[in-house]
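Have a look at the sequence and the model first.

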Amino acid sequence: QLQLVESGGGLVQPGGSLRLSCAASGGTLDYYVVGWFRQAPGKDREGVSCISSSSSGGRTYYEDSVKGRFTISRDNAKNTVYLQMNNLKPEDTAVYYCTVEPPSPQVMCVPQVVEHWGQGTQVTVSS
């Protein structure tokens, strides 16, 4: 059974940076679409960024509000996915979840297709 463990969350001031990591065990991420979702209090979970497998071209999706600030990457040798978050804003405050979708050349990045979720890591952006 694939297990995902996130790390790297925390408290940061507006304009600051964080890098989230998601380490997988119990299986390889190589062929899956992997990504990051977030859920703020009182809001639905939303796809922040997702990336297809390297064999499918490493296609990426970014939610509009994070384009130009967040970068998703994957290291298949380490079976790990990263989310580099720069110029963080208070509205980025949420619990961030690592996710796995079925192998596909298309990147859906919607909750309905997610097969595996991590336990989540809190990101708080506040002065």
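Tyrosine 82 has a relative accessibility of 12%, so it counts as buried (buried is under 20% relative accessible area, exposed over 50%, partly exposed in between, with a 1.4 Å probe and protein chains only). You'll find tyrosine 82 in strand β8, residues 80-85. Strands here are DSSP runs of E with at least two residues, helices are runs of H or I with at least four residues, and both are numbered from the N terminus.

What does tyrosine 82 touch, leaving out residues up to four places away in sequence? The list is Arg19, Leu20, Ser21, Trp36, Thr71, Ile72, Ser73 and Asp75, where a contact means heavy atoms within 4.5 Å. Take arginine 19: 63 residues separate it from tyrosine 82 in sequence, yet their C-alpha atoms are 6.8 Å apart.

A word on the ground rules: this is a predicted model, so local features need pLDDT of at least 70 and side-chain atom pairs count only at pLDDT 80 or more, while totals for chains, interfaces and linings use all residues. Residues are numbered from 1 along each chain as its sequence is written, and side-chain values use heavy atoms, with hydrogens and water left out.

## Two disulfides

Searching the whole structure turns up two disulfides, each defined as a pair of cysteine sulfur atoms within 2.5 Å. Cysteine 22 pairs with cysteine 98, sulfur to sulfur 2.0 Å. The torsion about their S-S bond is about -80°, so this disulfide is left-handed. Cysteine 22 sits in strand β3 (residues 18-25) and cysteine 98 in strand β9 (residues 94-101), so the link ties together parts 76 residues apart in sequence. Both cysteine 22 and cysteine 98 are buried.

Cysteine 50 is bonded to cysteine 109, with an S to S distance of 2.1 Å. That link is right-handed, at 75° about the S-S bond. Cysteine 50 belongs to strand β5 (residues 46-51) and cysteine 109 to the loop between β9 and β10 (116-117), so parts 59 residues apart in sequence are tied together. Counting bonded cysteines along the chain, the pattern is 1-3, 2-4.

## The whole chain

Zooming out, the protein chain has 11 strands and zero helices. Of its 127 residues, 43% are buried. Among contacts with a separation of 6 or more, 59% come from residues 24 or more positions apart. The C-alpha atoms fill a box of roughly 40 × 25 × 25 Å along the principal axes.
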